[in-house]
Amino acid sequence: MNSKDQAIQSLLALVNSGRYPSGAQLPPERELILELGVSRRALRHALEMLEAEGRLWRHVGKGTFVGSRPPERELGMSLITASTSPAELMDVSLWIEPTFARTAALRASRMDLDNLRYLLGRSAAARDPVTWDIWDVRLHRAIAEATHNALAVAVFDSLNAVRDELAWRRLRNDPTTPARFEELTAHHREIVEAIASHNPPAAEAAMRRHLRSVQHALLLDQGTEDDIPQTGSFQESIL
């Protein structure tokens, strides 16, 4: 068993031990490293994996907590989801996520960039829709986190709450060809490289190209190609 797998098993055993019930905060990384006897890199990998599986959740600036991320304004989001559509969701994503990418290119730290590259690698290795979706969401959220704006992350989480509704999950889990996975991975790579190069216009443009491709595929699958809006930037859309 390699060091990363050992870290996952050790962390999972700690979570399942009962010492930290659902909702409890785990000790900081420096204490977990000593208690579990693992490296910082292996621990962070284990935290990422358990978060992706819904066993842990992290709040920027506050720490890591046991269990799945608690729902926020659950009733309100359910009502919104019932009255919206894939077209509206993609509209909003196109308005805000390119701006997140632009801002991340200005503000991303070395740790942010390391995390983006790691998540890029995980999504690139995915070969089925469920695994892809886990790492795709994590990558897009990490871009929001790299803005270092807590409200931006909250807005992203609200959008993702709509995506997580069952009907949306069925849409996202439609069969995807290997060629499409490669195309989407190339989009992600362009976005991450632009952010890492601290090139805001390129990061914004790459994110917009990616989302327009997703929008086209999603709405075309639903037989609504004629309804696909040619959305520009957020500023353009409100002028």
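Visitor: Is W135 buried or exposed?
Guide: In this predicted model, local features need pLDDT of at least 70 and side-chain atom pairs count only at pLDDT 80 or more, while totals for chains, interfaces and linings use all residues. Residues are numbered from 1 along each chain as its sequence is written, and side-chain values use heavy atoms, with hydrogens and water left out. Buried means under 20% relative accessible area, exposed over 50% and partly exposed in between (1.4 Å probe, protein chains only). At a relative accessible area of 4%, W135 is buried.

Visitor: How many aromatic pairs are there?
Guide: Rings of Phe, Tyr and Trp (its six-membered ring) pair if their centres lie within 6.5 Å; planes under 30 degrees apart are stacked, over 60 edge-to-face, and the rest tilted. By this rule, the number of aromatic pairs is three.

Visitor: What kind of pair do W57 and F65 make?
Guide: The ring centres of W57 and F65 are 4.8 Å apart. Their planes meet at 20°, so the pair is stacked.

Visitor: What kind of pair do Y118 and W135 make?
Guide: The ring centres of Y118 and W135 lie 6.3 Å apart. Their planes stand at 90°, so the pair is edge-to-face.

Visitor: How many residues apart in sequence are the parts that this pair ties together?
Guide: Helices (H or I, at least four residues) and strands (E, at least two) are DSSP runs, numbered from the N terminus. Y118 lies in helix α6 and W135 in helix α7, so the pair ties together parts whose separation in sequence is 17 residues.

Visitor: How far apart are the end C-alpha atoms of helix α8?
Guide: The expected span of a helix is 1.5 Å times one less than its number of residues. With 14 residues (150-163), α8 should span 20 Å. The distance between its end C-alpha atoms agrees, at 20 Å.

Visitor: Which helix gives the largest share of the lining of the largest pocket?
Guide: On a 1 Å grid over the protein atoms alone, a pocket is an open set of points where a 1.4 Å probe fits, with protein on both sides within 12 Å along at least five of seven lines; lining residues have an atom within 4 Å of a point. Of the 40 lining residues, the closest to the centre are E29, R58, M111, N115 and E145. Helices α2, α6, α7 and α8 are among the elements that each supply at least two residues. The largest share, six residues, comes from α3.
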